[in-house]
Each structure stands twice: as C-alpha cells, then as structure tokens.
Amino acid sequence: MAQSSETTDWVSRFADDVIEESERRAPGKPVVVASGLSPSGPIHLGNLREVMTPHLVADEIRRRGYQVRHLISWDDYDRYRKVPAGIAGVDESWAEHIGKPLTSVPAPKGSAFPNWAEHFKSAMVEALAELGVEFDGISQTAQYTSGVYREQILHAMKHRGDIDAILDQYRTKKAPGKKPQQKAVDEAELEAEEGSGAAAEDDGSSGSAGYFPYKPYCGECGKDLTTVTSYDDDTTELSYTCTACGFGETVRLSEFNRGKLVWKVDWPMRWAYEGVIFEPSGVDHSSPGSSFQVGGQIVGIFEGKQPIGPMYAFVGISGMAKMSSSRGGVPTPGDALKIMEPQLLRWLYARRRPNQSFKIAFDQEIQRLYDEWDKLAGKVAGGTSQAIGTGGGSALPGDVAAYTRAVGTAAGELPKTPRPLPYRTLASVADITAGHQDQALRILSELDPANPITDLADARPRYDKAEAWINTYVPADQRTIVREEPDAELLKSLDEEGRESLRLLVDGLADNWSLDGLTHLVYGVPKVRAGFSADATAKELPPEIKTAQRTFFALLYHLLVGRDTGPRLPTLLLAVGQERVRALLGE
Ligand SMILES: [Zn+2]
C-alpha cells in the first residue's frame, strides 16, 4: 500500500523533492523537516496545517524507509505580546507580563502546568499524539537559556552589518498587502495568523549604537523592552538599558544566556543549525520582505540553505458563528478531535494540496463529510461498498493515497472504531436518546438485525464523537424531541389518503424493523398507495411520486417530533421504538 501511493499525490511529489534535496545537502543523514508553533495562547485549529503539512511528507519519507526528524520548534522564548481574550483563569493582571518570554508568564489560574507556554503546549501535544504525529519537540527557551546557540549569536553579532544590509533592502518597501485570495480571511484565520511565531516580523532595531540582531531580556523586570547601547566584538561585552524599568548592565555575550536573536534572524539561523530541508509556512510569511524571503538571504550568513518551503493556504472553520458566541473562542485541534476521529481530520489535510484552502466542519456539514469518508473507505476496501449504500466503483489513486495517509502512519494504523456506523445515524441516535446508553444500544442493535451490535464499545469512539457534536454544536432548535403524546388533532384531521398511508406503514413495521427494511418501507408506502409495487424504481414511476413521498414524510415528522423535518426517518423510527411509533401514529 505504501509503495502504491508514490507519485500519486502532492505528498509524494514533495517527498521526492525533499529526499533528493536532503541527499544533495546532507548525504546519509536523516531527513529534517520542521514546524514552528508559538504557545502564546490556545494553539488554534488553523495552525494545525503548520504541523500536518510536514508530518504527511515526513510520514511518506518514512514509509519509503528513510530516517526522518520532524522538528516542532516551540517558540516559547518569544515575547508575550498580549493577553488573549476569553481564557479561563486569566484576567487583566496578566498584562503586567507583556514583554517577558512566554515561559516566564504564569499559567492560567488552576493550571497544572508551571507556566503559560507549557499550559498551552500541553493541549497541542495531546492532540498530536491522538493524530499519530511523531515529532521531536524543541523548546526555544531551553535552547537559548542553555547557550546552545552561543556560536550562532556571536556570529550574527559579528556580521550584524551584513544582516542589516539585507534587511535594509526591504525596509524601504511598503509593508506587504494581503493577497487577493486572502480576502475572505475570517476571524479564526486572523487569530491563527497572529498565533504564529513570525507574527511580530521583528527584525531588530537600530539605536544610536547601530543595528543589533539580538535582544536581551532585562535582568531586572524580565521584559524585552531593552536597547543595546554598545557591543565589543573582541570582548563580546554588551551593554543594554531597559526602557520599562530603567535597569541597565554590561554582560559578556560569550557567557550570557538571557536573550534571543530577533525573529527574522532567529528563523534562518535555525534552518542552518538543524539542517532543515522542508518547512512550509503560511501565506503571511511568503510575501515580499516577509521572514521566509528575507531568511533565504540571511541563512547564507550562517552557511546554511533555505528549506523547500511551500506556502500553505489558511484553513477555515464552518459553524464558527455559533461557536464563537457559545464558547468565546476559536476551536483548537483538541476541540475538533472531540467531534471527529483523527482519521477524518488527517484526511482533510491529506486530500488537499497545501495551497488549497478548505474548511473544517463544526456544523451539519460534518455529517456529509463523514458520508464521503465512509464512501471512500468502502471503495478502498472494495466490494464492501454496497454495505454502506454507495454505488461501489473503484477509488482513484490520489484518493487511495489520501485514505492511506489518513488511516495510519509508517508506524501502523491508528486505533479505529470496530463498527463504523454512519455518523449521521449515530448523531441521530445520540440526539434522540439524550445520554441513555441502554436505549442507544437497543437502537443500534436493531440497525442491522443480521449482524447486530451487542456492545456500544464496538461503535466507539465514533459514537462518542457524534454524541459530543450533537451536544456541543447543534443548536437547541435543531435538536429532536420526540412527542410524549399523539397529536390527536392532526390525527383526527387526516383524510383517507393520510390514514391509509399510516396504516400501511404501521402494518409493515414488524416485518421491516431494520435500517434497510424501514428505508424500503417509508419510500414504498407512497408507491403502493399510487398503485405501484414498493420495489418500483424511479424510472418506472411518475414524478408525482416524489411529491407524495415528501408529503408523507412531513406528516410522519409532525406526528413523531412535531416539526417539518428531522433525522432520517428510518433512523428516527428505530430510535423511537415500535411501540411508541404505533402510539404516536394513532394505533
Ligand atoms: Zn527592565
């Protein structure tokens, strides 16, 4: 399976290029790909592409038998720039920490973690584990404060004139505008953009003493509001003053570990230090004068090369409006994994090229996505496609590749739901049973009487995801509430046609009590009433049948749930149960 996916999709093509480039630059060494994440607040779902793009490429390279390091740089030594809104356990008093490294800011109240960065990192680490993403995490706080980059810092200071000259080519240019395809950037995407490490686009400043690509964190207040006032290349003596607290001191950079290179120098320094071959970045990093482009020139100072760095488009969220109002924030990968299996989330990234934008569904669209996913699974499995009611046919090579990348990694398959019943059916069952698991199991066991589910565990975790989706993202007015009592008035007002249709349905319930049987029955009743066989196909029927079916379905919804519409009728009937259906239909 691994071999068959070669050269059939974007992941394979990047893998080809990355392997070739790695063998040219560092023959015989593990291939290095990288991502950067800033734990400046909750790491949003929009930022997951920063990890998934290199992950998928790294995974393809591993499948081909090469050694790969996927570095995730935790940009936790970046300055705390603002207090994000809507974080539990955080108030305005956190503003006093602005300017300190993210690892020096207290965690939200009640957190089990020692600081701000660790708190927000942990949720991402958990989500990445569930997604099967294998990586080497690198804390930039640990790197800088232990002096790992000492040589690189001294080198950058020595070559500050060269760095300044490169940066200067861009300083005269106007700040890059948004590209046209970014017009529809929504709130979540903007947040994601801000969350990325490069957002500050900081290139250091030129004081009266000249340009310095390095900024110390103040020895007194811990903030980066410092100005380097002098530097001696021979002794490495550096003097700075702090504009926040007035503190000033002279340190020896050859033994000082409390500061960092400015972002536009820091990033290319790390490309060279780690030998990064592949590191994609968001569109905001790729415009003229952006950190990726400037970094391509600065990396030469460190005797390194720019990685292959495709630009990726932003990922949007559908169903956000409801979310924002109810949750006061944009979703994280952990939020997505509460309502969908990791396979589905992986698939969304695998099937789209990085430059294609797409949306992750938190609204009704998730049901359609799952239908599409199950249909693909059926095609890939071959022959079993009939079982989930699709037309069969074989999957295209690109689709098979995306599927293969979604269900597992080079390390093996991800844990899966033993009986992956349709998500929309599970959602309906969870909706109607409102947390009563015995009832849910009863309904699920009746879906396919020939091969009944006997333990809810077989439908998990997909059942839990569908239940979480219903409970968290489906608005109250779209929830299904089965009538307690029959609608006597409506039943009394029925004409001959309505009464006969209901009788046909009720008489067929016992013999058709399964998902397939009830599907046949509810569609068949209007056909039989019109003088056709219940098995007649669309071609054999007049178009009016569709109208008759719609009218009949609307009647059933009114009698069962008091609305025009609801979950698919066969599922709804199973969920309500035979006895109660009979009662509500006036028997
Ligand atoms: Zn200070």
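Mentor: We'll talk through cores, helices and aromatic pairs. Keep in mind that this is a predicted model.

Trainee: Okay, cores. In the largest nonpolar core, which residues touch the most other members?
Mentor: Leu345, Tyr349 and Ile360. That core has 104 residues.

Trainee: Which helix gives the most to this core?
Mentor: Helix α21, residues 544-561. It supplies 8 residues.

Trainee: Back to Leu345. What is it in contact with, leaving aside neighbours within four places in sequence?
Mentor: Leu48, Leu131, Ala336, Leu337, Met340 and Ile360. Ile360 was also on the list of residues that touch the most other core members.

Trainee: And the second core, how many residues does it have?
Mentor: There are 29 in that separate core. Tyr149, Leu167, Tyr170 and Tyr217 are among them.

Trainee: New topic. Why is helix α15 called largely enclosed?
Mentor: Count its residues. All 11 of the 11 in α15, residues 423-433, are buried, so the rest of the structure largely encloses this helix. Even Arg424 and Asp431 are on the buried list.

Trainee: What covers the buried residues of α15?
Mentor: The cover includes α11, α13, α16, α17 and α22. Ala434 follows α15, and its phi is positive, near 45°.

Trainee: You mentioned α13. Where does Ile366 lie?
Mentor: In that helix, α13. Ile366 has a relative accessible area of 0%, so it is buried.

Trainee: What does Ile366 touch, apart from neighbours within four places in sequence?
Mentor: Its contacts are Ile339, Met340, Ala361, Tyr423 and Trp469. Tyr423 belongs to α15. Ile366 and Met340 are 26 residues apart along the chain, yet their C-alpha atoms are separated by 8.4 Å.

Trainee: Let's do aromatics. How many pairs are in the whole structure?
Mentor: The search finds 22. One of them is Phe14 with Phe278. Their centres are 5.4 Å apart and the planes make 55°, which is a tilted pair.

Trainee: Which parts does that pair tie together?
Mentor: Phe14 is in helix α1, and Phe278 is in the loop between α8 and β11, so the pair links parts 264 residues apart in sequence.

Trainee: Which residues form the aromatic cluster?
Mentor: Tyr77, Tyr144, Tyr149, Tyr217 and Tyr273 form one cluster. Tyr149 and Tyr217 also sit in the second core.

Trainee: Last one. At what angle do α6 and α9 pack?
Mentor: About 145°, with the axes 10 Å apart. The crossing is right-handed.

Trainee: Which residues meet there?
Mentor: From α6, they are Ile163, Ile166, Leu167, Gln169 and Tyr170. From α9, they are Gln293, Val294, Gln297 and Ile298. The contact divides into 6 nonpolar residues, 3 polar and no charged.

Definitions and conventions. Residues numbered from 1 in each chain as written. Predicted model: local features only at pLDDT ≥ 70, side-chain atom pairs only at ≥ 80, totals over all residues. Heavy atoms only, no water. Axes fitted to C-alpha atoms, helices over the stretch in contact; angles between N-to-C directions. Helix = DSSP H or I, 4+ residues; strand = E, 2+ residues; numbered from the N terminus. Left-handed = near helix turned anticlockwise from the far one by under 90°. Contact = heavy atoms within 4.5 Å. Nonpolar A, V, L, I, M, F, W, Y, C, P; charged D, E, K, R; others polar. Core = buried A, V, L, I, M, F, W, Y, C linked by side-chain atoms within 4.5 Å. Buried < 20%, exposed > 50% of the residue type's maximum accessible area, 1.4 Å probe, protein only. Phe/Tyr/Trp six-rings, centres within 6.5 Å; stacked < 30°, edge-to-face > 60°.
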